[in-house]
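Subject: Structure handover

Hello,

Here is the structure I said I would pass on. Please open it first, then read my notes below.

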Amino acid sequence: MRWLWIDRFLDFRKEKSARAVKNLSLAEDFFAEHFPGYPVMPAALILEGLAQTGGILVGNAREYKEKVVLAKIISARFQREALAGEQLVYDVELLHLRDEGASVKGRVTAVVPGADPSQGELIAEAEIFFAHLDQARSQQLFGDHNFVFSGELKHMLGLANVAAGRTENS
């Protein structure tokens, strides 16, 4: 099963940056077990949301022609937990884009839903490296199907393109 840890894009600038949000409600499955009586989002899922935001930015830079996979979390620092009822804002900036991969730096902040995203409280910061799978080897193993950018993620890509269009035309 594949989960998306972002709900929508607020801003998307091709080959530059992206801003996405995730609304945390008690309806999220992980809150029931992590931790009963004190619902916090697991740090790994916070990083996954940041990686999904960055991965879409990296994929978009190459028109989604390459399979982009998370290769390494170069650094990650957490300031506090993310709690039910908060809205997480994922901001990523493209640092390097090369044939073999790309790196992004990102910040996760928490805001009260509906508040100005720039007024958020810092949750985490990370630098993430993504690899582009070798086209020849990837096609040999997986065929032409891009297993990374498919299904629900493809829908999210459409939303990213809408956000990018709004940003470019604004």
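Start with Glu66. Glu66 is buried, because its relative accessible area is 13% and buried means under 20% relative accessible area, with exposed over 50% and partly exposed in between (1.4 Å probe, protein chains only). Glu66 sits in the loop between helix 2 and strand 3. Its side chain makes a polar contact of 3.3 Å with the side chain of Arg62. A polar contact is a pair of N or O atoms within 3.5 Å; within protein, one must be able to donate a hydrogen and the other to accept it, and residues adjacent in sequence count only if both atoms are side-chain atoms.

Some ground rules. This is a predicted model, so local features need pLDDT of at least 70 and side-chain atom pairs count only at pLDDT 80 or more, while totals for chains, interfaces and linings use all residues. Residues are numbered from 1 along each chain as its sequence is written, and side-chain values use heavy atoms, with hydrogens and water left out.

The overall layout

The protein has 4 helices and 6 strands. Helices (H or I, at least four residues) and strands (E, at least two) are DSSP runs, numbered from the N terminus. In that direction the order of elements is β-β-α-α-β-β-β-β-α-α. Of the 170 residues, 42% count as buried. Contact here means heavy atoms within 4.5 Å. Among contacts with a separation of 6 or more, 71% come from residues 24 or more positions apart.

Two strands pair if DSSP finds at least two bridges between them.

Strand 2 (residues 17-23) and strand 4 (residues 87-97) run antiparallel and are joined by 7 bridges. Lys22 stands opposite Leu88 in strand 4. Ala18 has Val92 as its bridge partner in strand 4.

Strand 4 is also joined to strand 5 (residues 101-111), by 10 bridges, and these two run antiparallel. A hairpin of 3 residues links strand 4 to strand 5. Gln87 has Val111 as its bridge partner in strand 5.

Helix 2

Why is helix 2 described as largely enclosed by the rest of the structure? Because 15 of its 19 residues are buried. At 1.5 Å a residue, helix 2 should span 27 Å, and its end C-alpha atoms are 27 Å apart, which agrees. The expected span is 1.5 Å times one less than the number of residues.

The core

A nonpolar core is a set of buried Ala, Val, Leu, Ile, Met, Phe, Trp, Tyr and Cys residues joined through side-chain atoms within 4.5 Å. The largest one has 38 residues, of which Phe9, Phe12, Met41 and Leu88 touch the most other members. Elements giving two or more residues to this core include helix 1 (30-33) and helix 4 (151-169). Helix 2 gives the most, with 7 residues.

Loops worth a look

Glu63 counts as partly exposed, at 48% relative accessibility. Tyr64 is in the loop between helix 2 and strand 3. Tyr64 is buried, with a relative accessible area of 18%. A polar contact of 3.1 Å joins the side chains of Tyr64 and Asn60.

Glu15 is in the loop between strand 1 and strand 2. Its phi is near 60 degrees, a positive value in a residue other than glycine. Glu15 counts as partly exposed, at 43% relative accessibility.

Phe35 is in the loop between helix 1 and helix 2.

Best wishes
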